[in-house]
Amino acid sequence: MTPSEIEAIFRDEAGRALATLIRLVGDFDLAEDSLQDAFAVALERWPACEVPDNPRAWLVNVARNKAIDRIRRRAIFRGKQQALVHELELNAQAPDEPPAMLDDDMLRLIFTCCHPAFAAEVQVALTLRTVCGLSTAQVARAFLVSEEAMAQRLVRAKQKIRLAGIPYEVPERDALALRLDGVLAVIYLVFTEGYVATSGTGLMRPDFAVEAIRLGRLLDRLMPDRAGIKGLLALMLLHDARRGGRETPAGDIVLLEEQDRSLWDRAQIEEGLLLVEDALRLPGRPQPYAVQAAIAALHAREISFEETDWRQIAGLYEVLLRISPSPVIELNHAAAVSMVDGPSRALALVDAITARGGLDGYELLPAVRADLLRRLGRKDEAREAYRAATEATQLEPLRRLYARRVREMG
């Protein structure tokens, strides 16, 4: 097995392995360092032998032992540390523990990251770093801050978990609602990283999308009949159902209007459509995820791009703007408007968003503007906008798409 193949396994398993390790050792930094130690051992051993049947359990077991070694080497507070070593040795799960036990650890980690003691942006940053496994630099880019500033935020958050004794657990039922919005947001972030990666050579990270959907199902069982949960689960299922048609075998992006819809997962679409109906039928104020899922449903149920009901999609985005306004939703609304009233009106909406500065640094803003300019035949401006979009993204398939659009304009 090559180092690149081992790295791929590590990327797939790291998030859930880290979640289990944090439960075992009770410390974010110790868990992260020990997991890196285990990965180094895997790079050394696996090329010369067969990969374990359960790589995640192997990594957890090796990392647990590395954590014990690290604790033993610490001289300060030796008595307390020896007690912790003894506890770890007695209570740590065996490498062949049932998968369900490991699976629940990810939900515990998300609830810990979403503790109300943290500001919303810290919840998101901590989740991106620990659950999604993004580097500090990648998280910093998402928040438009320096890597040093983001590193300090993450360090302070981990210290707060340790010093304040924030429990690593799914809270009691009466406390679940207080964290629900944050938990839904971070599960959707995990999914989004799987749907369109932040950077790298691949458009998607299917392991993240599958994990987010699994967590959505767990949450739906934990808190049934919640429109927000059902809406989010439906949204993820409907988006993920198109995975098979979203890229070529060479890894190039296939746009929605060009996708072969026979490659979409129809069973997953049917499940998503039923969940959308359930979410919209539940009493109370319409939930943003349910409305977004209704938009995804309008795309998913049509057999061709030409039959898409863009007028209804634009109307649903207007509903979203009333119940959950944001510049990103405004941008999506403008894209839908372009399919109803044409690119000229949509470009005016995009330019108004740009003038307000609400999406400064958002990498898809110049891409949407470039597409509208291209459709209007304003080729020089479109090329400039595509160049700006290329500079803004760290994702190679998007860069190739923008280059293709420029070539198509001659």
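A crossing is called left-handed if the near helix is turned anticlockwise from the far one by less than a right angle, and right-handed if clockwise. Helices (H or I, at least four residues) and strands (E, at least two) are DSSP runs numbered from the N terminus. The model is predicted, with local features needing pLDDT of at least 70 and side-chain atom pairs counting only at pLDDT 80 or more, while totals for chains, interfaces and linings use all residues. Residues are numbered from 1 along each chain as its sequence is written, and side-chain values use heavy atoms, with hydrogens and water left out.

Select helix α17 (residues 364-375) together with α18, whose axes come within 8 Å and cross at roughly 160°; axes are lines fitted to C-alpha atoms, for helices over the stretch in contact, and angles run from 0 to 180 degrees between N-to-C directions. The two helices are therefore roughly antiparallel, a word used for angles over 145 degrees, whereas those under 35 count as roughly parallel, 65 to 115 as roughly perpendicular and the rest as oblique. The crossing of α17 and α18 is left-handed. Showing side chains, you will find Pro-366, Ala-367, Ala-370, Asp-371, Leu-373 and Arg-374 of α17 meeting Glu-381, Ala-382, Ala-385, Tyr-386, Ala-388 and Ala-389 of α18, where contact means heavy atoms within 4.5 Å. By class, this contact has nine nonpolar, no polar and three charged residues, with Ala, Val, Leu, Ile, Met, Phe, Trp, Tyr, Cys and Pro counted as nonpolar, Asp, Glu, Lys and Arg as charged, and the others, Gly among them, as polar.

The whole structure holds seven aromatic pairs, meaning rings of Phe, Tyr and Trp (its six-membered ring) with centres within 6.5 Å, planes under 30 degrees apart being stacked, over 60 edge-to-face and the rest tilted. The ring centres of Tyr-386 and Tyr-402 are 6.0 Å apart and their planes lie at 35°, so this pair is tilted. It links distant parts of the chain, since Tyr-386 belongs to helix α18 (residues 379-392) and Tyr-402, 16 residues apart from it, to helix α19 (residues 396-408).

Next, select helix α1 (residues 3-25) with helix α10 (residues 206-222), whose axes come within 10 Å and cross at roughly 30°, which makes α1 roughly parallel to α10. The crossing is right-handed. Here Arg-11, Asp-12 and Arg-16 of α1 meet Asp-207, Phe-208, Glu-211 and Arg-214 of α10, a contact of one nonpolar, no polar and six charged residues.
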